[in-house]
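The notes after it walk through the fold and some of its residues.

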Amino acid sequence: MEDLVMYGTPAEGVYTTSEIVAKYTGVSFEHVRHLTNKYHDELERFGVLVFENPKLGETGRPQKLWHYNEQQATLLITFMRNTPAVIEFKSNLVEAFYSQREELAHKTIALATIKPVNKSISEVVHDSWPDNPHMYSTIHNLALLSRARMQSNSRQRLM
């Protein structure tokens, strides 16, 4: 089975589309569009309804492809008859949203643990040589000497 839900922008989050709903519930795309228009206000109680107008081939007219967040998709499919295909889709959709939410939470935790740590040179010197108070001036002098050599080398290359 194809992916039922996908990631959007950070503001949009995880969503499914009207095309996916139509495909896996066995109802027509037009019926899903009709339900979306009919219950638009109810669906927007759970967030702004986002849509896109993808081109359908070279000559096809674009159709609104609605994006539903988890609450909107759940509400929308409650407006459909409980055919075997709709019941199967409801179960799979709930599982897919839960799975994506778990994956996103794991990624967020992983990113939080690998944040780069920026230290100043004085912190590095203090952590590396805590008992040597003269190391600050030594490192500072080495940095100045290195800078002077780099400038000297770049001037020689220009000549």
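What follows is a short tour, from the overall layout down to single residues.

## The overall layout

First, a caution: this is a predicted model. The protein chain has seven helices and four strands. Reading from the N terminus, the elements go β-β-α-α-α-β-β-α-α-α-α.

Of the chain's 159 residues, 24% count as buried. The protein chain exposes about 11700 Å², with carbon and sulfur atoms supplying 56% of that area. As for contacts with a separation of 6 or more, 54% of them are between residues 24 or more positions apart.

## The nonpolar core

Which residues touch the most other members of the largest nonpolar core? They are Val 21, Tyr 68, Phe 89 and Leu 93, in a core of 24 residues. H1, H2, E4, H4 and H5 each put in at least two residues. H5 is the top contributor to this core, with five.

Setting aside neighbours within four places in sequence, Val 21 is in contact with Thr 16, Val 32, Tyr 68, Leu 76, Ile 77, Met 80 and Phe 89.

## Helix H4 and its buried face

Helix H4 covers residues 70–78, and Gln 72, Ala 73, Leu 76 and Ile 77 in it are buried. Viewed down the axis of H4, the buried residues sit within an arc of 125°, so they line one face of the helix.

Not counting residues up to four places away in sequence, Gln 72 touches Leu 43, Glu 44, Phe 46, Gly 47, Val 48, Leu 49 and His 67.

## Asn 69, the cap on H4

Which residue caps the N-terminal end of H4? Asn 69 does, with a side-chain oxygen 3.1 Å from the backbone nitrogen of Gln 71. Its side chain also has a polar atom 2.8 Å from the backbone nitrogen of Gln 72.

Asn 69 belongs to the loop between E4 and H4. With a relative accessibility of 17%, Asn 69 counts as buried. Beyond residues up to four places away in sequence, Asn 69 touches Val 14, Tyr 15, Phe 46, Gly 47 and Phe 97.

## Aromatic pairs

How many aromatic pairs turn up in a search of the whole structure? The search finds three. In one of them, the rings of Tyr 24 and Phe 89 have centres 6.3 Å apart and planes at 0°, so the pair is stacked. Tyr 24 is in helix H1 and Phe 89 in helix H5, so this pair ties together parts that are 65 residues apart in sequence. Are these two residues buried or exposed? Both Tyr 24 and Phe 89 are buried.

Tyr 39 and Phe 79 form an aromatic pair that is stacked too, at 3.8 Å centre to centre with 20° between the planes. Tyr 39 sits in the loop between H2 and H3 and Phe 79 in the loop between H4 and H5, so the pair links parts that are 40 residues apart in sequence. Phe 79 counts as partly exposed, at 27% relative accessibility.

Phe 51 is in strand E3, which runs over residues 50–52. Its relative accessible area is 37%, which makes Phe 51 partly exposed. Phe 51 and His 67 are 16 residues apart in sequence, while their C-alpha atoms are 5.5 Å apart in space. Leaving out neighbours within four places in sequence, Phe 51 is in contact with Lys 64, Leu 65, Trp 66 and His 67.

Glu 123 is found in helix H6, residues 121–128. Glu 123 is partly exposed as well, at 39% relative accessibility. From Glu 123 to Tyr 136 the spacing is 13 residues in sequence and 10.0 Å in space, C-alpha to C-alpha.

Terms used
Residues are numbered from 1 along each chain as its sequence is written. This is a predicted model: local features need pLDDT of at least 70, side-chain atom pairs count only at pLDDT 80 or more; totals for chains, interfaces and linings use all residues. Side-chain values use heavy atoms; hydrogens and water are left out. Buried means under 20% relative accessible area, exposed over 50%, partly exposed in between (1.4 Å probe, protein chains only). The arc is that of the directions from the helix axis to the C-beta atoms. A polar contact is a pair of N or O atoms within 3.5 Å; within protein, one must be able to donate a hydrogen and the other to accept it, and residues adjacent in sequence count only if both atoms are side-chain atoms. A nonpolar core is a set of buried Ala, Val, Leu, Ile, Met, Phe, Trp, Tyr and Cys residues joined through side-chain atoms within 4.5 Å. Contact means heavy atoms within 4.5 Å. Accessible areas come from the Shrake-Rupley method with a 1.4 Å probe; for residues, only the protein chains shown count as cover. Rings of Phe, Tyr and Trp (its six-membered ring) pair if their centres lie within 6.5 Å; planes under 30 degrees apart count as stacked, over 60 as edge-to-face and the rest as tilted.
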